[in-house]
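Visitor: I am new to protein structures and would like to learn how to read one. Could you walk me through it?

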Amino acid sequence: MTASTSPLPCIAIAGPTASGKTNAALALAAVLSQRGQACEIISVDSALVYRGMDIGTAKPTAQEQAAVPHHLIDILDPLQSYSAAEFVQDTQRLVGEIRARGAIPLLVGGTMLYFKALLDGIDEMPAADPSVRAQIDAQAAERGWPAMHAELAKVDPETAARLAPADSQRIQRALEVWQVSGQPLSSFHNTKKRAADAEPAFDCTLFSLEPNDRAWLHARIAQRYDAMLQAGFIDEVKALRARGDLNPDLPSMRCVGYRQVWEELDWQARKGTPDINMHLVREKGIAATRQLAKRQITWLRSMPQRHPIACDDPLATMNVVQAALACIPQRA
């Protein structure tokens, strides 16, 4: 491999859940390998960081991880938390290390907040205030999170528009930022975004897998959720509950799918019923995953630097590979 005066390009593949990101990334890695170019994958996924959460996160298999080096997978216990700021710091370090090894960094995932933080940068926001947070939680217990979401819409309509009414964790944080600083959470992002318009915070070519037909994505989500259930997803959540130190308010257990199964297991325990209602688990899990996909697509469409590729095109994987290869010069 000859030396180059310019850094190796960084490629990102984003998209909603079940859009085919992993397949596209592995196909690109295989073609690069054939060309004699190495790449390493950095996971951009807030759920894949957790150990013991494999089925419900559609974590790349051991075989897939062995085929291409993967990073930011299985780095935390589900009891821990991981922030967008930590992701940015880890990714910037990893990109440098991967390039130093002569490999191409390939960012793959669907946690759009991580992509946004990396590409646009992060402004300093107020630190958590336990007393304010406790006050918000008390109000939510009395009024419900949809009502708190409505309150957020009055002071920060931009943030409220991208949050589901039941997304308690993010609604809580947005209200906390407003009460502590007197500024909406969106104002912090907007300030940094304006600066990023002139000079990107992170240089990366972003390809976005997006469906032309939402029905195609909905069918894929249902198929994948059914496959997870058949693979033992319920037992995976049962094992996490059996640890005794986890609870449904942790970021890990709030991941889509895990939260819905946990709630049904709680209901089963309270009622003393011998069997979980699999039909209800399936309905709730698929509905929650569809909502997640909708939010992911909304985030993506707010990123002007992205290069959209139709994920419901039969040639989607090939199209991603060809588009990415056009950005990667062959090395002698």
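Guide: Happy to! This is a predicted model.

Visitor: Which residues of α13 are the buried ones?

Guide: Buried means under 20% relative accessible area. In α13 the buried residues are V281, G285, I286, A288, T289, A293, Q296, I297, W299 and L300.

Visitor: What span should helix α13 have, and how far apart are its end C-alpha atoms?

Guide: Count 1.5 Å a residue: the 24 residues of α13, 278-301, should span 34 Å. The end C-alpha atoms of α13 are 35 Å apart, which agrees.

Visitor: Let me try the next one. What span should helix α3 have?

Guide: Helix α3 covers residues 84-100, and its 17 residues should span 24 Å at 1.5 Å a residue. Its end C-alpha atoms are 24 Å apart, so expectation and model agree.

Visitor: Which residues of α3 are buried, and what covers them?

Guide: A84, F87, V88, D90, T91, L94, V95 and I98 are the buried residues of α3. Their cover includes the strands β2 (39-44), β3 (70-71) and β4 (104-109), along with helix α4 (112-120). After α3 comes G102, with a positive phi near 80°.

Visitor: How do I describe two helices that pack together?

Guide: Two packed helices are described by the angle between their axes and the distance between the axes. Take α3 and α4: their axes come within 9 Å and cross at roughly 60°. That angle makes α3 oblique to α4. The crossing of this pair is right-handed.

Visitor: Which residues of α3 and α4 meet?

Guide: From α3 there are A84, F87, V88, T91 and Q92, and they meet L113, Y114, A117 and L118 of α4. Sorted by class, this contact has seven nonpolar residues, two polar ones and no charged ones.

Visitor: At what angle do the axes of α11 and α12 cross?

Guide: The axes of α11 and α12 cross at roughly 70° and come within 10 Å. Angles of 65 to 115 degrees count as roughly perpendicular, and α11 and α12 are therefore roughly perpendicular to each other. On the α11 side the contact is made by F233, I234, E236, V237, K238, L240 and R241. On the α12 side it is made by Y258, V261, W262, L265 and D266. By class, the contact of α11 with α12 has eight nonpolar, no polar and four charged residues.

Visitor: What can I learn from a backbone angle such as phi?

Guide: Let us look at individual residues. A18 has a positive phi of about 70° although it is not a glycine. A18 sits in the loop between β1 and α1 (21-34). D74 also has a positive phi, near 60°, and is a residue other than glycine. The place of D74 is the loop between β3 and α3.

Visitor: Are A18 and D74 buried or partly exposed?

Guide: A18 is buried, because its relative accessible area is 7%. D74 is partly exposed, with a relative accessible area of 31%.

Visitor: How far apart are A219 and A18 in sequence and in space?

Guide: A219 and A18 are 201 residues apart in sequence and 9.5 Å apart in space, C-alpha to C-alpha. A219 belongs to helix α10. With a relative accessible area of 36%, A219 is partly exposed.

Methods. Residues are numbered from 1 along each chain as its sequence is written. This is a predicted model: local features need pLDDT of at least 70, side-chain atom pairs count only at pLDDT 80 or more; totals for chains, interfaces and linings use all residues. Side-chain values use heavy atoms; hydrogens and water are left out. Helices (H or I, at least four residues) and strands (E, at least two) are DSSP runs, numbered from the N terminus. The expected span of a helix is 1.5 Å times one less than its number of residues. Buried means under 20% relative accessible area, exposed over 50%, partly exposed in between (1.4 Å probe, protein chains only). Contact means heavy atoms within 4.5 Å. Axes are lines fitted to C-alpha atoms, for helices over the stretch in contact, and angles run from 0 to 180 degrees between N-to-C directions. Angles under 35 degrees count as roughly parallel, over 145 as roughly antiparallel, 65 to 115 as roughly perpendicular and the rest as oblique. A crossing is left-handed if the near helix is turned anticlockwise from the far one by less than a right angle, and right-handed if clockwise. Ala, Val, Leu, Ile, Met, Phe, Trp, Tyr, Cys and Pro count as nonpolar, Asp, Glu, Lys and Arg as charged, and the others, Gly among them, as polar.
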